[in-house]
Amino acid sequence: MKNIYKNSPSNLSKAKKILEKNNIIAVPTETVYGLAGNAYSNSSIKKIYKLKKRPKKNPLIIHYYNIKELRKDAYIDEKFLKLYKKFSPGPLTYVLRKKKKSKISSLANAKLKSIAVRFPKNITIRNLLKQLNFPLAIPSANISSNVSPISASDVIDEFGKKINFILDGGRSTIGLESTVISLYGKTKILRPGVISHKKIGKILKKNISVSKKTKELRSPGLLKKHYSPGIPIKLNCKKADKKTAFIVFGRKYKKAGNVFNLSSGGSLKEAAKNLYKTLRKIKNLKYKKINVVKIPKHNIGIAINDRLRRASH
Ligand code: TXA
Ligand code: MG
């Protein structure tokens with residue numbers, strides 16, 4: 001494809017030039033693909049919201065190469081440092097208090113006092129971030145409320161020709177958005193992900209709650225429908241007729257045309273990785289209904305159930 005660019009020095013410098021002109025590109029991360037823009041620039045941020053058709057009240061995550069750049073924009077504390085040391089770079093997003101003198105566009109964090117920040121692990125996006133003089137605002141590269149993309153071709157599936165530069169970093173290895181933890185006010189998980197509240201609790205040596213109130217996400221949660229393939233989804237099913245796509249998990253399910261197994265070996269990590277790919281595939285096969293079996297509700301299963309619940313609204 002003409003608009004897909006592999007990770008090479010010349011392509012990275014092309015990407016850099018586009019971003020410096022406050023234009024938008026699509027980028028890989030280990031969680032999902034995103035739409036990236038200069039976080040200092042109001043005009044970049046406006047372009048992102050417009051392209052995604054995203055409500056302005058839903059703030060973006062700012063992506064950094066490392067902690068040094070972050071210090072200009074947010075207050076950090078012991079808790080942050082402990083988690084940063086253990087989980088970053090990686091699929092964990094921290095909500096912190098924003099500094100008054102920060103240059104981050106206030107449109108990017110919906111004019112809140114807090115700011116969400118992440119240090120992605122994917123090598124391609126890290127190579128790019130390292131070369132820039134500004135952090136990147138990167139929401140997932142899907143039209144608001146659709147399923148998130150996990151490959152360059154998924155980005156084309158979402159935006160077609162509206163994005164003319166997609167940096168290709170291979171398929172996202174995690175396949176589900178980062179865990180969002182608020183360290184601003186009470187410590188709590190705002191969006192579950194593959195880094196579970198249990199893993200975080202172990203590091204902080206206390207119980208971490210997972211917010212149930214979608215409102216607290218200020219958030220895609222405000223939109224009830226989210227991560228949705230645009231087809232009715234029924235959860236906790238035991239079976240499905242042949243016309244219905246049947247999403248299953250574990251050994252006991254027989255193969256069939258309409259059966260999509262997230263992990264026949266029963267691995268939640270594998271299931272997370274396959275979830276969005278499967279939903280997109282089912283949508284493109286033009287199924288009219290989806291039934292999903294019960295998925296275990298522990299560890300990564302919490303994140304999978306969270307996305308399925310939102311997709312089913
Ligand atoms: O894995 C990810 O986090 C991906 C990749 C591209 O890095 N990005 C992503 O961004 O999922 P997005 O925009 O699709 O989701 C951002 C989430 C939303 O739920 C938003 O409400 C929350 O982060 N968020 C952002 N800023 C916040 C803030 N200041 N307070 C609370 N929640 C915030
Ligand atoms: Mg998103």
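**Figure 1. Shell of residues around ligand 1.** Strand 6 gives the largest share of the shell around ligand 1, four residues. Helices (H or I, at least four residues) and strands (E, at least two) are DSSP runs, numbered from the N terminus. The model is predicted: local features need pLDDT of at least 70 and side-chain atom pairs count only at pLDDT 80 or more, while totals for chains, interfaces and linings use all residues. Residues are numbered from 1 along each chain as its sequence is written, chains are lettered from A and ligands numbered from 1 in the order in which they are written, and side-chain values use heavy atoms, with hydrogens and water left out. Around ligand 1 there are 26 residues, of which Thr31, Arg54, Asn58, His63 and Ser178 come nearest; a residue is near if one of its heavy atoms lies within 4 Å. The shell divides into 13 nonpolar, eight polar and five charged residues. Here Ala, Val, Leu, Ile, Met, Phe, Trp, Tyr, Cys and Pro count as nonpolar, Asp, Glu, Lys and Arg as charged, and the others, Gly among them, as polar.

**Figure 2. Polar contacts of ligand 1.** A polar contact is a pair of N or O atoms within 3.5 Å; within protein, one must be able to donate a hydrogen and the other to accept it, and residues adjacent in sequence count only if both atoms are side-chain atoms. Oxygen atoms of ligand 1 lie 2.7 Å from a side-chain N or O atom of histidine 63, 2.9 Å from a polar side-chain atom of asparagine 58 and 3.0 Å from a side-chain N or O atom of arginine 118. Strand 4 (61-63), strand 6 (114-118) and strand 10 (188-191) are the elements that give two or more residues to the shell.

**Figure 3. Serine 41 in its loop.** Serine 41 sits in the loop between strand 3 (34-38) and helix 2 (42-52). With a relative accessible area of 9%, serine 41 is buried (under 20%; exposed is over 50%, partly exposed in between; 1.4 Å probe, protein chains only). Its side chain reaches the backbone nitrogen of serine 44 at 2.9 Å.

**Figure 4. An aromatic cluster.** Ring pairs link Tyr64, Phe80, Tyr84, Tyr94 and Phe119 into a cluster. Rings of Phe, Tyr and Trp (its six-membered ring) pair if their centres lie within 6.5 Å; planes under 30 degrees apart count as stacked, over 60 as edge-to-face and the rest as tilted. The count comes to nine aromatic pairs. Tyrosine 64 and phenylalanine 119 have ring centres 6.1 Å apart and planes at 40°, so this pair is tilted. Both residues are buried.
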